[in-house]
Amino acid sequence: MSAPTLAVVAAGAMGAAVARRFTVAGCTVLTNLDGRSAATRARAVAAGMHDVPLPELAARADWVLSILPPSEALAFATRYRDAHVRAESKIRSAKVAFADCNAVSPETAKKIAVLFAGSGIGFVDAGIIGGPPRDGYDPVFYASAELEDAELLESFAGLSKWGLKVSPLTGEGVGVGDASALKMSYAGITKGLTGLCSTMILAAHASSPATAQALLNELNASQPAILQRITRTIPDMLPKAYRWVGEMKEISAFVGAGEGEIHQGLAHLYERVERSLKEEQEGGGGQDVKALRGFVDDAKKVIERSK
Ligand SMILES: NC(=O)c1ccc[n+]([C@@H]2O[C@H](COP(=O)([O-])OP(=O)(O)OC[C@H]3O[C@@H](n4cnc5c(N)ncnc54)[C@H](OP(=O)(O)O)[C@@H]3O)[C@@H](O)[C@H]2O)c1
């Protein structure tokens, strides 16, 4: 079986690691680096990706995997669709397919499906659960498609031959939007819990540092599993807070009016953390980030002492 030509946009933490899986398996992986940062360019080179103009990418790739900030998912799909339509028919791939792998709401996934309708582009909705692939570890790409696109979904699942761990969602009523709904539900719980813990630590700290210390001691005594989780998940969250803002907004839209305000509030929290990190990097206060890190450091000591 000859290795396919794939495209991964963009070469972020996840996209570059996925691309590396493919290139190691022998696939050609295209990307488009127009306007991208030096860090993204360096990751693309390290993963063995080829930088080509978008029309060439649209003409050559059998599958396009969109892996970029969720807020950019619809805009990129539109640019790709336009490039595909403009690509000369003689060089256009006979079967071209696009998988949106971003943490977007089912509504956004459905908007992308509508965008591609009648354009000759097959569409699979995918949601990644887990971190970037590394030695001995693979995240799961849950995927769903419309009933009439069962073959397309099978073809996406076939990328497992080239290193992608795919879990297709099948069953009555499953279609575009369901993989995204699964991702939203999972992330709404995991990232939601981290946001909720961070919110309450900051509120306790704002009341007084002694209150935060008492909260820590009480969690250790009565909710040790939650305190353990805080020591892992808050440090892991800090550098990703900027990306989680958009994700919380997508989750809020997925949940809908009323309870959707929970994740709207968490989007504010992650914005606050991102602002605080920037302040710190610019030599300013960064008090919120300092309070969260201080809480985690103290929690680790308290947990260690209680062993
Ligand atoms: N990382 C994870 O653990 C993880 C887990 C599950 C799902 N995901 C999903 O994967 C997606 C990407 O996450 P990530 O961690 O790879 O993010 P990331 O490390 O922040 O990378 C984002 C990449 O997208 C590029 N980019 C930004 N705006 C763009 C645009 N308008 N057009 C093309 N490229 C653009 C960025 O380039 P610049 O450097 O130039 O800004 C960067 O290379 C998200 O939807 C996320 O939900 C990630």
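This note sets out numbered points on the structure shown above.

1. The structure is a predicted model, in which local features need pLDDT of at least 70 and side-chain atom pairs count only at pLDDT 80 or more, while totals for chains, interfaces and linings use all residues. Residues are numbered from 1 along each chain as its sequence is written, and side-chain values use heavy atoms, with hydrogens and water left out.

2. The chain is divided into domain 1 (5-171) and domain 2 (181-306), with bounds that come from an automatic or database domain assignment. Taken over C-alpha atoms, the centres of the two domains are separated by 31 Å.

3. Where the domains meet, eleven residues of domain 1 are in contact (heavy atoms within 4.5 Å) with nine residues of domain 2. Domain 1 and domain 2 bury about 940 Å² between them, 76% of it on carbon and sulfur atoms. Buried area is the accessible area (1.4 Å probe) that two parts lose on being put together, summed over both. A103, P106 and I129 supply 45% of the area that domain 1 buries against domain 2, more than any other three residues. The count of salt bridges (a side-chain nitrogen of Lys or Arg within 4 Å of a carboxyl oxygen of Asp or Glu) between the domains is zero.

4. Helices (H or I, at least four residues) and strands (E, at least two) are DSSP runs, numbered from the N terminus. In helix α5 (residues 106-116), P106, T108, A109, I112, L115 and F116 are buried. For single residues, buried means under 20% relative accessible area, exposed over 50%, and partly exposed in between (1.4 Å probe, protein chains only). The buried residues of α5 pack against α4 (73-86), β5 (96-100), β6, α7 (178-207) and α10. Just after α5, G118 takes a positive phi of about 80 degrees.

5. Strand β7 (residues 140-144) is mostly covered, as four of its five residues are buried. Two strands pair if DSSP finds at least two bridges between them. Strand β6 (residues 121-129) runs antiparallel to β7 and is joined to it by five bridges; Y142 is the bridge partner of G127. Strand β8 (residues 166-168) runs parallel to β7, with three bridges, and A143 stands opposite P168 in β8.

6. Helix α10 (residues 241-255) contains V255. This residue is partly exposed, with a relative accessible area of 40%. V255 and G188 are 67 residues apart along the chain, and their C-alpha atoms are separated by 9.4 Å.
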